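This report describes one protein, starting with its surface and ending with a pair of rings. Sequence and structure are shown first.

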Amino acid sequence: VEHNQTQGVLNNTIGTKKAAEAAIYANVKTFVLISTDKAVRPTNTMGATKRVAELTLQALAKKSKTTCFTMVRFGNVIDSSGSVIPLFKKQIQNGGPVTVTDKNVVRFFMTIPEAVELVIQAGAMSKGGDVFVLDMGKPIKIFDLAKKMINLSGLSIRNKHNLNGDIEIIFTGLRAGEKLYEELLVGDDSEETENKLILRANEEMISWEILRPLLISLEEASINNDAEKVSELLIKLVPGFKPSFY
């Protein structure tokens, strides 16, 4: 997304807006957006586009009398297409090296069944416009995960202390806009729900009257492939967002 920012906006933000408007038109009862921990104080375009998608649903939730909009925000899902685990498996099978961005980078993880069950429950308890945050447990060091996966494969790590090891781990450096750690809440204001693994976040929103013209401008800039204008609008919509190339 960082190398195709306008397409990221059209897919994540404008795509969500159009799907939401279609849901209202079709009298869909419940609309659940799968969001991401990267939407919290985003440092990359992907996170910012998902945060604006959240703001869009929050604003539409105030207007819609037919569709209940809700958002569920969480981190990495083990074995999903974007997870680091399938990548590590492939790298180990190919004899390495296993690539880690930074020795200190940490991420939240949960299993597919856990994520699915909690998303369904969060959707069921929504009152409209809710941002739910899943309890992801303790974050895991990606470096430790890489070491463990190598060892569980029956192989050893090759480094300066073990030159005859099987698989080397190399550090590639953080990518554009990538954080050492992710967060799940924009602020400190959250409340418990009937499920202890699901929190309801109370966060600032933008009214539809203010948001709508900005979304129109954002769509136009994206269609015209105007990356500079897209960045300007995302900065305006998401306080604290600063693209990595600024």
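## Surface and charges

The model is predicted: local features need pLDDT of at least 70, side-chain atom pairs count only at pLDDT 80 or more, and totals for chains, interfaces and linings use all residues. Residues are numbered from 1 along each chain as its sequence is written, and side-chain values use heavy atoms, with hydrogens and water left out.

The protein has 30 positive and 29 negative charges, and their mean positions lie 2 Å apart. Lys and Arg count as positive, Asp and Glu as negative, while His and the chain ends are not counted. Each charge is placed at NZ of Lys, CZ of Arg, CG of Asp or CD of Glu.

## Overall fold

Seven helices and 12 strands make up the list of elements in the protein (DSSP runs: helices are H or I with at least four residues, strands are E with at least two). Of the 246 residues, 46% are buried (under 20% relative accessible area, 1.4 Å probe, protein chains only). Among contacts with a separation of 6 or more, 74% join residues 24 or more positions apart (contact: heavy atoms within 4.5 Å).

## Aromatic pairs

There are two aromatic pairs (ring centres within 6.5 Å; planes under 30 degrees apart are stacked, over 60 edge-to-face, the rest tilted). In one of them, Phe-31 and Phe-69, the centres are 5.2 Å apart and the planes stand at 55°, so this pair is tilted. Phe-31 belongs to strand E1 (residues 30-36) and Phe-69 to strand E2 (residues 68-74), so the pair links parts of the chain 38 residues apart. Both Phe-31 and Phe-69 are buried.

How values were computed
Rings of Phe, Tyr and Trp (its six-membered ring) pair if their centres lie within 6.5 Å; planes under 30 degrees apart count as stacked, over 60 as edge-to-face and the rest as tilted. Buried means under 20% relative accessible area, exposed over 50%, partly exposed in between (1.4 Å probe, protein chains only).
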